[in-house]
Structures are given as C-alpha cells and as structure tokens.
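Please look over the sequence and the model below before reading on.

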Amino acid sequence: MPLLENGQIKDDNWQIAIEGESLPSGDVLVPLARLAEGLGRNGDGRLGVLLNAGDQVEGLRVALPRLSCVQVTFPIFRDGRGFTQARALREHLHFKGEIRAGGHILPDQYEFLLRCGVNSVVVPEGVDASVWQKAHEAFTIAYQPAVLNEQPEGFAFRRKLL
C-alpha cells in the first residue's frame with residue numbers, strides 16, 4: 001500500500017513480516033512479538049516494528065536506537081490509542097525515526113496524527129491524496145501544543161483578543 005507523507009502519495013519500501021515465515025531481507029516491519037528476532041538480523045536492511053493498539057511503547061525503550069520505523073495501528077477509527085503511542089514515542093522516548101499510522105484512519109484525523117508525531121500514513125490503493133491534503137490544510141489554529149516545532153503565537157489559547 002502507498003504512504004501519505006506531507007500530503008503526497010509516495011511508494012512504501014517496507015515489507016511486513018508474515019507470521020510463520022522467516023524474515024525477508026531488506027527493510028522489514030516486524031510484529032512486536034518478533035522484535036527480538038528482528039534485532040538479531042545481520043544488518044541486512046532497516047528494521048521497524050508494528051504496534052497494536054494495546055501494546056505498551058515503554059517496552060521499546062531499549063530497542064528504539066536500532067529501529068528506523070514504528071507503525072502504530074488503529075483497529076477502528078474511533079480508537080485513539082495510536083495517537084497516545086505516537087506522542088509517547090516522540091515526547092517521552094525521544095524517538096527520531098519514522099512513525100507511521102496504519103489501519104482505520106480518516107482524512108479528518110490526518111492533522112491530529114501529525115501533531116502527535118506521525119510522519120506518514122498507510123493508505124489504501126487508489127486513494128485521492130487531495131482529500132487528505134484538504135484535511136491537512138483545513139486547520140490553521142490549534143488549542144494545544146504538539147510535538148511539532150510551532151511558535152507559541154500559533155496556539156489559539158495564547159492569542160490576544162482585540
């Protein structure tokens with residue numbers, strides 16, 4: 001599936017490890033349960049991990065320096081645990097790699113994902129990127145700080161009323 005990054009569709013070079021099969025060569029995303037196996041690979045591509053909604057990001061603390069990507073998964077659009085996982089990875093664990101979101105995500109959630117530290121979104125084939133770009137551009141003021149490097153005057157609660 002393609003990725004949405006900065007409102008544009010790009011190719012996804014990551015492979016997802018299939019349960020019961022050996023890890024493929026190249027860049028691979030492994031389920032959290034197979035992370036130790038992935039860490040044992042011999043430098044044959046980048047390594048990433050797939051987090052389910054109930055997984056605790058704190059368990060990744062030791063492995064994060066060796067990970068290039070973490071994918072948070074939204075089982076349904078109204079399950080917000082992926083937002084919390086992304087924000088914890090950026091703010092508390094200081095993860096500098098790619099955070100991507102997968103699963104059931106709506107274009108309306110795109111801006112909020114970015115504010116939580118997500119870099120890219122896994123989207124279904126044939127998606128109209130303009131819908132996602134419009135959703136991204138629809139919000140110009142935020143009511144809370146984010147992991148983005150924003151200037152304080154960009155927050156609505158700090159704006160002075162004239």
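How many aromatic pairs does a search of the whole structure find? In this predicted model, the search of the whole structure turns up two aromatic pairs. A pair of aromatic rings is described by the distance of the centres and the angle of the planes.

One of the pairs is formed by Phe74 and Phe83, whose ring centres lie 5.1 Å apart with the planes at 75°, so the pair is edge-to-face, the class for planes over 60 degrees apart. Phe74 and Phe83 are both buried.

Another pair brings together Tyr110 and Trp132, with ring centres 5.7 Å apart and planes at 85°, and therefore this pair is edge-to-face. Because Tyr110 belongs to helix 3 (residues 110–115) and Trp132 to helix 4 (residues 129–137), the pair ties together parts that are 22 residues apart in sequence. Tyr110 and Trp132 are both buried.

These pairs can now be placed in the chain as a whole. The protein chain holds four helices and eight strands, and, read from the N terminus on, its elements follow the order β-β-β-β-α-β-β-α-β-α-β-α. Of its 162 residues, 43% count as buried, and among the contacts in the protein chain with a separation of 6 or more, 49% are made by residues 24 or more positions apart. As for the surface, the protein chain exposes about 9,400 Å², of which carbon and sulfur atoms supply 53%.

Notes
Residues are numbered from 1 along each chain as its sequence is written. This is a predicted model: local features need pLDDT of at least 70, side-chain atom pairs count only at pLDDT 80 or more; totals for chains, interfaces and linings use all residues. Side-chain values use heavy atoms; hydrogens and water are left out. Helices (H or I, at least four residues) and strands (E, at least two) are DSSP runs, numbered from the N terminus. Buried means under 20% relative accessible area, exposed over 50%, partly exposed in between (1.4 Å probe, protein chains only). Contact means heavy atoms within 4.5 Å. Accessible areas come from the Shrake-Rupley method with a 1.4 Å probe; for residues, only the protein chains shown count as cover. Rings of Phe, Tyr and Trp (its six-membered ring) pair if their centres lie within 6.5 Å; planes under 30 degrees apart count as stacked, over 60 as edge-to-face and the rest as tilted.
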